[in-house]
Amino acid sequence: MIEFPVSGVETYWWLPPLVAFLISCITATGGLSGAFLLLPFQVSVLGYTASGVSPTNLLFSIVGIPFGVYRYCSEGRMIWPLSWVIILGTVPGMFLGALIRVYFLPDLSHFKLFVALVLAAIGINLLLDVIRNRRASKVDINRRGSSKVSDIYFSKSIVSYRFQGEYFSVSTPKISLLGLFVGIVGGAYGIGGGAIMVPLIVSVMGLPVYTIAGAVLFSTFIGSIGGVIFYWIIGLTSVGTYSSVSPDWALGGLLGIGGAVGMYVGARLQRFIPARLIKVMLTVCLLGIAVKYLSVLFF
């Protein structure tokens with residue numbers, strides 16, 4: 001057993017990286033770091049309930065995500081313009097989210113209710129999309145066909161590309177505004193926002209999850225860096241109750257090591273998993289967290 005002095009967590013050294021690996025291995029197939037599932041693990045299993053758990057969770061994404069992004073780049077499934085358009089909205093949103101978490105949602109029960117309602121709304125929308133079997137769920141990668149994205153085009157109004165003979169496009173301003181919303185929620189929760197961004201892009205914008213996973217992962221990485229910096233600054237400039245928001249660098253790094261391996265493996269496996277199955281997994285994860293938080297608050 002080892003003790004992390006910043007958070008006060010005492011656990012086996014191998015447990016955080018093992019859990020991070022298992023979670024990220026699954027969630028990376030949908031372009032998620034897995035941070036949205038690791039936060040409940042830290043709170044409920046490790047007993048880390050201080051505000052610093054949010055930036056510590058972001059550290060996991062910072063350490064782990066580059067390995068998943070590298071895999072998507074090597075397979076030709078990285079849409080860089082889409083990443084930067086998302087980041088344009090996400091980073092300012094992370095700053096606002098950090099302020100909301102520290103000064104307006106310090107009570108853990110209020111914070112959980114806020115997150116549960118948001119995740120439930122997104123999860124239900126994604127579930128309906130799976131049932132309707134929309135266009136996005138019909139695009140599967142043929143193992144013998146090309147899995148690369150081509151003809152990427154970017155302008156102030158749209159981002160477009162081709163994938164397996166089909167043309168996809170999305171509004172640049174809409175994606176940035178979506179990124180702002182996601183950044184606010186993600187900054188308050190302690191995640192880079194991929195758990196919220198992917199379902200919205202897939203179900204609302206109609207883009208196939210295979211093509212946007214890498215872009216969302218990279219935007220989550222940049223957003224997480226911004227979030228940690230914002231929380232760190234708030235911790236340095238605050239006193240009393242608000243001075244405990246600085247991250248536990250050691251615990252976050254250990255989680256990130258397990259997540260790095262898991263995200264690389266998940267990104268490698270993604271092309272062999274049907275898009276519909278990936279969406280079902282995301283739906284289960286989102287609704288599962290929402291139900292857990294609501295059940296604790298009301299039952």
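Keep in mind as you explore that the model is predicted. Helix α1 covers residues 15–27, Ser61 sits in helix α3, and Asp151 belongs to strand β3.

**Helix α1**

- Helix α1 has 13 residues, and at 1.5 Å a residue they should span 18 Å.
- Several residues of α1 are buried, including Pro16, Pro17, Val19 and Ala20.
- Further along, Ile23, Ser24, Cys25 and Thr27 are buried too.
- What do the buried residues of α1 pack against? Their partners are β2 (9–11), α2 (35–45), α3 (53–74) and α9 (249–269).

- Is Ser61 buried or exposed? Its relative accessibility is 0%, and because buried means under 20%, Ser61 counts as buried.
- Leaving aside residues up to four places away in sequence, Ser61 touches Ser33, Ala35, Pro66, Phe221 and Ser224.

- Asp151 is not a glycine, yet its phi is positive, at about 50°.
- You can find Asp151 in strand β3, which runs over residues 149–154.
- With a relative accessible area of 52%, Asp151 is exposed, because the cut-off for that word is over 50%.
- Gln164 is not a glycine either, and it has a positive phi of about 50°.
- Look for Gln164 in the loop between β4 (158–163) and β5 (166–171).
- Gln164 has 33% relative accessibility, so it counts as partly exposed.

Methods:
Residues numbered from 1 in each chain as written. Predicted model: local features only at pLDDT ≥ 70, side-chain atom pairs only at ≥ 80, totals over all residues. Heavy atoms only, no water. Helix = DSSP H or I, 4+ residues; strand = E, 2+ residues; numbered from the N terminus. Expected span 1.5 Å × (residues − 1). Buried < 20%, exposed > 50% of the residue type's maximum accessible area, 1.4 Å probe, protein only. Contact = heavy atoms within 4.5 Å.
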